[in-house]
Amino acid sequence: DYSLTHQILFRTSSFALPLPARNNTMEEEKTPDTAPLIPKPAKKRGQPSASEEGASPYPEMSLAQDIHKLVVKAPGIDAAFQARVFEKIATELENPSLYKSLQTSLGGGGTLSEAALKEMEDKHAKHMEELEAKVEDAKENMGDMEVMDARVNIARFAAKALTKDEALEAYQKLLDLSKVSSGKKIDAMMESSRVASFYGDEKKSAGFIESAQKLATEGGGGDWDRRNRLKVYRGLARLLERDIKTAASLLIDCIATFSCNEICSYSDFIVYAIMSNLLSLPRPQIKSKLLDGPEVLSVATDIPQVMNLIKSLYDCDYKAYLHAMVEVEPVLKSDRYLQPHLDYWMRELHILAYKQFLDSYQSVTLQAMADAFGVSTDFIDHHASQFIAAGRLSAKIDKYGGVVVTNRPDLKNAQYREMIQKGDVLLNRIQKLARVVDL
């Protein structure tokens with residue numbers, strides 16, 4: 001119908017890359033009264049993990065997801081939802097800087113006065129002095145473990161109630177201690193990455209993750225559990241960088257061993273794994289790993305929009321697929337890992353369906369294609385011509401005859417040309433090396 005056509009046309013008519021948007025993060029499951037677009041289970045899912053249980057609950061990444069929904073004005077978000085977010089920041093986190101930052105982003109909101117926020121800041125300054133005194137006492141009267149524990153307490157309090165810079169500085173002081181095991185350093189780096197990600201500093205977050213990965217692989221400090229959790233952290237970072245292929249590989253490896261409820265819920269993790277792998281997995285693996293995967297099926301009722309999307313694509317029900325795209329768009333917009341590249345996701349989903357449809361034909365009429373997708377021939381002509389011009393579809397349109405003719409590349413010839421090009425490069429390098437050796 002017209003409304004469906006209009007929405008899809010709006011999302012796929014532009015090939016301009018979307019600008020990076022402000023990002024926040026997520027973690028715990030939400031209760032039904034928060035009106036999330038993806039319903040959350042009542043308990044944590046995934047595999048139990050000793051290092052996960054020891055991870056700091058702050059910053060609370062589900063709160064970052066809620067803040068993101070407020071900032072992007074996600075569908076279904078009302079004044080009551082906003083009030084609950086402010087209330088949580090004020091009473092549970094007692095974080096005045098975050099409270100004021102959110103007020104600035106939203107142009108108002110919240111009920112706390114400047115005096116109340118100043119009182120909260122003074123209270124935290126006094127508490128920090130007490131925590132620092134415990135560190136000094138541990139240095140003078142106790143051992144290295146007690147000093148480290150005191151530093152951990154300061155870092156985690158800062159992550160909960162202070163600013164991003166203060167929290168990262170506290171974690172750096174922990175990392176600078178002389179006698180900290182590699183495993184504890186990895187934990188501190190992962191928690192630092194969550195702090196940076198919570199406040200939208202994805203560059204710093206990715207830097208901490210890469211440092212932790214390097215320590216886990218080269219420093220010998222990463223046990224299996226930490227390396228497994230790092231895969232999830234790295235996969236989500238790649239998702240934000242739009243390195244979808246790498247993200248897909250990392251995320252799908254962790255579906256059966258997920259133990260990172262501190263960074264996102266299991267149902268949200270499955271959404272990330274499905275969306276990234278949908279663009280890269282061959283059709284048989286979409287069936288075995290996504291549609292019929294037991295871990296995916298365990299949360300299928302929590303993510304109906306995404307499940308309808310992959311099912312309709314696998315069933316070649318392209319009309320239902322376009323409807324599913326419209327339904328899944330608000331889910332993508334409401335998620336801080338997917339929203340920054342929303343236009344990209346919608347465009348790639350559209351191209352994916354066109355490619356799959358055209359793979360079955362050497363030529364097909366525009367009318368037949370339009371009937372399959374449930375849209376007009378003008379709609380098909382407009383979109384297909386754009387995708388063909390951009391080199392995303394191997395086809396051409398005979399407008400006079402009303403036919404789309406596929407133009408599949410010859411794989412063997414392409415491989416032959418690639419081999420010749422690489423051979424030329426290799427020969428040039430050998431000749432340069434030979435001249436250096438002769439000298």
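## Helix H11

Asp 225 sits in helix H11, where helices (H or I, at least four residues) and strands (E, at least two) are DSSP runs numbered from the N terminus. This is a predicted model, in which local features need pLDDT of at least 70, side-chain atom pairs count only at pLDDT 80 or more, and totals for chains, interfaces and linings use all residues. Residues are numbered from 1 along each chain as its sequence is written, and side-chain values use heavy atoms, with hydrogens and water left out.

With 15% relative accessibility, Asp 225 counts as buried (under 20% relative accessible area; exposed is over 50%, partly exposed in between, with a 1.4 Å probe and protein chains only). Its C-alpha atom is 9.1 Å from that of Thr 257, 32 residues away along the chain. Leu 240 also belongs to helix H11 (residues 224-240) and is buried at 12%. The C-alpha atoms of Leu 240 and Glu 202 are 8.0 Å apart.

## Salt bridges

The count comes to 22 salt bridges, each a side-chain nitrogen of Lys or Arg within 4 Å of a carboxyl oxygen of Asp or Glu. In one of them, Glu 169 pairs with Lys 173 at 3.9 Å between the closest N and O atoms. These two residues are separated by about one helical turn because they are 4 residues apart in helix H8 (residues 164-175).

Asp 381 bridges to Lys 399, with closest N and O atoms 3.0 Å apart. Asp 381 lies in helix H20 and Lys 399 in the loop between strands E2 and E3, so the pair ties together parts 18 residues apart in sequence. Elsewhere, salt bridges that share partners join Asp 187, Asp 223 and Arg 226 into one network.
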